[in-house]
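Please look over the chain shown here before reading the notes that follow.

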Amino acid sequence: MRINGPRVRDVLAKGCTLDFHPAEFEVGACAQSGLAKANILIGLIDEKPVFEIVVRRSFAEYLVLWLEHAATEYNVEFSVT
């Protein structure tokens, strides 16, 4: 899935301990971590910023619902591919 928007780093910070500051997590960076209790692989693929998240199929629906809820206050969009 992909998530992007001006406040996407804030959304991800709600459920992940990685430092998503642009000086620390640059385009091309990739890491394994947890996001809202789901194990993920996350990478920054564009400066806009656009993040791509890979999650096990059994956690996908849970993570989509969590992201929808977490993103509403920041007006962030995401898509599942």
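Helices (H or I, at least four residues) and strands (E, at least two) are DSSP runs, numbered from the N terminus. This is a predicted model, in which local features need pLDDT of at least 70 and side-chain atom pairs count only at pLDDT 80 or more, while totals for chains, interfaces and linings use all residues. Residues are numbered from 1 along each chain as its sequence is written, and side-chain values use heavy atoms, with hydrogens and water left out.

**Overall fold**

- The protein chain has 2 helices and 5 strands, and from the N terminus on these elements follow the order β-α-β-β-β-α-β.
- The radius of gyration, which is taken over C-alpha atoms, is compared with a globule rule of 2.2 Å times the number of residues to the power 0.38; because a compact globule of 81 residues would have a value near 12 Å, the 11 Å of the protein chain agrees with it.
- Taken along the principal axes, the box filled by the C-alpha atoms of the protein chain is roughly 30 × 25 × 25 Å.
- Of the 81 residues of the protein chain, 38% count as buried, where buried means under 20% relative accessible area, exposed means over 50%, and partly exposed lies in between (1.4 Å probe, protein chains only).
- Contact means heavy atoms within 4.5 Å, and among the contacts in the protein chain with a separation of 6 or more, residues 24 or more positions apart account for 46%.

**Paired strands**

- Two strands pair if DSSP finds at least two bridges between them; strand 2 (residues 30-35) and strand 3 (residues 38-46) do so in the antiparallel sense over 6 bridges.
- Strand 2 and strand 3 form a hairpin with 2 residues between them, and A36 in the turn has a positive phi of about 50 degrees.
- Strand 3 also pairs with strand 4 (residues 50-55), in the antiparallel sense and over 6 bridges, and the hairpin that joins strand 3 to strand 4 runs through 3 residues.
- G43 of strand 3 stands opposite C30, and in strand 4 the bridge partner of G43 is E52.

**Nonpolar core**

- A nonpolar core is a set of buried Ala, Val, Leu, Ile, Met, Phe, Trp, Tyr and Cys residues joined through side-chain atoms within 4.5 Å; the largest one here has 25 residues, of which I3, L12, F51, I53 and L63 touch the most other members.
- Two or more residues of this core come from each of helix 1 (8-13), strand 2, strand 3, strand 4 and helix 2 (57-71), and the largest share, 5 residues, comes from helix 2.
- Leaving out residues up to four places away in sequence, I53 touches M1, I3, L12, L35, I40, L41, I42, L63 and L67.

**Cysteines**

- A disulfide is a pair of cysteine sulfur atoms within 2.5 Å, and a search of the whole structure finds 0 disulfides.
- C16 is in no disulfide, and the nearest cysteine sulfur, that of C30, is 12 Å away.
- C16 counts as buried because its relative accessibility is 7%.

**A residue of helix 2**

- E68 has its place in helix 2, and it counts as partly exposed because its relative accessibility is 41%.
- E68 and V11 are 57 residues apart in sequence, while their C-alpha atoms are 9.9 Å apart in space.
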